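I opened the file today and kept short notes on what I looked up. The entries follow in the order I made them.

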Amino acid sequence: MGKFQNKVQIIPLGGLGEIGKNMTVFRYGDDMILIDAGLMFPEDDMLGIDLVIPDITYLIENQDKLKGIFLTHGHEDHIGALPYVMKQIDCPVYGTALTLGILQGRLKENGVSSDNCRTIKPGDKITAGAFKLDFIRVNHSIPDAIAIAINTPIGTIIHTGDFKIDHTPVDGQVTEFNKFAEYGDRGVLALLADSTNAERPGFTPSEKMVGKTFDDEFRYAKNRIIVATFSSNVHRIQQVIDAAMKYDRKVAVIGRSMVNVVSIAKELGYLKAPEGEIIDIDETNNYTPDKIVIITTGSQGEPMSALTRMAMNDHKKVDIMPGDTVIISATPIPGNEKLVSRTIDHLYKLGADVIYEKSNGVHVSGHASQEEIKLVHNLVRPKFFIPVHGEFRHLIKHANLAQSLGMPKENIVIAENGSVIEITKNSIGVNGKVQAGKVLVDGLGVGDVGNIVLRDRRQLSQDGIMIVVVTIDKENCHVVSGPDIVSRGFVYVREAEGLMDEARDKVQLALEKCEENGVSEWSAIKSTVRDSLGRFLYERTRRRPMILPIIMEI
């Protein structure tokens with residue numbers, strides 16, 4: 001224990017150099033806590049992958065030291081990995097009421113017990129080993145978000161979680177500036193702060209602005225209104241309900257995650273609607289279109305989401321009618337722009353009026369822009385600073401902001417996932433690395449698909465596959481039948497019979513060469529077939545299909 005006593009280690013296992021899978025370990029001696037355990041959605045080249053979660057090898061190796069998992073808010077990129085983590089690690093999980101409400105739904109879907117969940121609220125104080133934690137209310141695009149002050153034996157470290165500064169939040173719960181300032185007065189050793197919007201000058205507008213936009217759009221809409229947004233944005237959903245009530249419309253909710261979150265938020269009192277205001281989608285037929293608002297998922301153009309299925313005329317319950325007003329109340333996450341614009345095109349083709357541009361005021365971010373970030377830095381006045389939660393350019397921009405406020409460059413650490421950041425009372429630096437990275441989830445398989453499988457999937461998706469079947473007499477290596485060639489995704493065989501015949505001849509020649517040279521090793525025969533056929537196909541077609549030789553013996 002002695003060698004640890006004068007330092008705290010901060011080990012990000014996810015969330016640096018990327019947006020998503022946020023997960024950070026804090027360690028003092030033999031005591032560890034974890035803040036957040038999120039997932040990330042797959043990139044375009046991760047074919048067939050459903051989710052990406054952090055590599056938790058380090059946690060599993062040290063699980064006897066882990067005193068608790070603390071959650072800043074209920075977004076997937078902060079809680080989504082917990083069903084996988086909690087299957088393997090047994091320790092208490094602390095979060096606010098809505099965060100745990102959403103988490104428990106996820107755990108139930110995955111057959112994981114939620115006995116370890118403990119509800120906290122801003123102002124609570126929890127001791128976990130050598131750490132004493134204090135929770136500070138912040139604003140974000142989901143209610144019940146918190147920052148965490150981690151009091152360690154060598155000083156206080158503040159982790160902002162995801163935040164923005166909203167002076168007029170929908171629920172009236174303003175950021176606890178006084179707490180940040182009090183900690184600043186007492187002295188803060190280090191700050192870890194959200195960098196997502198560090199590139200954006202100015203202030204992020206208040207969520208209430210979107211409510212004004214809804215009011216305007218609802219006032220003039222002649223027919224049915226469909227609003228697509230993130231299911232977790234309970235304040236946005238509240239504002240849709242408020243505008244619907246004002247203009248005498250009933251609200252129906254569709255999309256699995258939207259239905260789940262609305263029922264959890266209503267149950268916990270985060271969503272307020274009088275009895276009978278929210279109706280079942282089947283009941284909407286009892287009302288004229290100008291009396292209906294539908295809230296749906298699909299603001300990112302996800303192929304299986306409710307809005308996309310409506311746009312493709314493929315939804316069981318809702319058909320888009322000419323004259324419908326569709327409000328897409330979100331901006332596309334980078335990488336989703338094409339999906340979103342395709343959905344918008346289809347909606348227009350069906351005669352809907354689509355409102356989606358940011359300039360219309362239908363969306364505001366949940367993350368702080370530069371002036372809000374500066375405010376938090378100036379309230380907290382930390383000795384050391386670690387930008388977190390953002391791609392590399394965001395971390396650099398955030399570091400530059402801190403420097404512009406007078407923070408010495410040597411007091412800032414821009415780390416990467418797996419870095420072991422060591423802080424003492426007078427120094428900060430990176431000292432070593434632990435295992436960190438991506439674990440891919442595909443169906444029920446966690447981590448069984450890696451780079452090699454993905455590489456094969458890419459090759460199959462680009463050039464297809466060719467299977468060569470040959471039967472060989474094992475006594476004298478003579479070909480008894482074949483070679484037969486089957487191809488999928490390479491060429492349309494009926495129109496390329498000449499090419500297939502030539503391919504067969506090439507394989508025949510390769511097999512004869514093996515027989516002449518007395519090659520009886522199966523692996524050698526297979527690689528000879530693969531090489532000669534691959535070379536021939538590339539010369540003739542400039543394609544490289546995957547070639548699978550199958551040799552049977554009699």
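Charges. I looked up the 63 positive and 73 negative charges of the protein, and their mean positions are 4 Å apart. Lys and Arg count as positive, Asp and Glu as negative, while His and the chain ends are not counted. I took the place of each charge as NZ of Lys, CZ of Arg, CG of Asp or CD of Glu.

Ground rules. This is a predicted model, in which local features need pLDDT of at least 70 and side-chain atom pairs count only at pLDDT 80 or more, whereas totals for chains, interfaces and linings use all residues. Residues are numbered from 1 along each chain as its sequence is written, and side-chain values use heavy atoms, with hydrogens and water left out.

Overall form. I noted 15 helices and 26 strands in the protein; these are DSSP runs numbered from the N terminus, helices being H or I of at least four residues and strands E of at least two. The C-alpha trace spans about 85 × 75 × 45 Å along its principal axes. Of the 554 residues, 53% count as buried (under 20% relative accessible area; exposed is over 50%, partly exposed in between; 1.4 Å probe, protein chains only). Contacts (heavy atoms within 4.5 Å) with a separation of 6 or more come to 71% from residues 24 or more positions apart.

Cores. I then looked up the largest nonpolar core, which has 63 residues. Such a core is a set of buried Ala, Val, Leu, Ile, Met, Phe, Trp, Tyr and Cys residues joined through side-chain atoms within 4.5 Å. Leu59, Ile69, Leu82, Val85, Leu103 and Phe218 touch the most other members. Helix H7 (residues 234-246) gives the most to this core, with six residues. Another core of 33 residues lies apart from it, with Tyr94, Ile148, Phe384 and Ile421 among its members. Back at Leu103, I listed its partners, leaving out residues up to four places away in sequence: Leu71, Ile79, Leu82, Val93 and Cys117.

Cysteines. How many disulfides are there in the whole structure? The search finds zero, a disulfide being a pair of cysteine sulfur atoms within 2.5 Å. Cys91 is buried at 5% relative accessible area, and Cys117 is buried at 14%.

A glycine. Gly29 sits in the loop between strand S2 (23-28) and strand S3 (31-35). Is Gly29 buried or exposed? Gly29 is buried, with a relative accessible area of 0%. Ala130 is 101 residues from Gly29 in sequence, yet the two are 8.4 Å apart in space, C-alpha to C-alpha.
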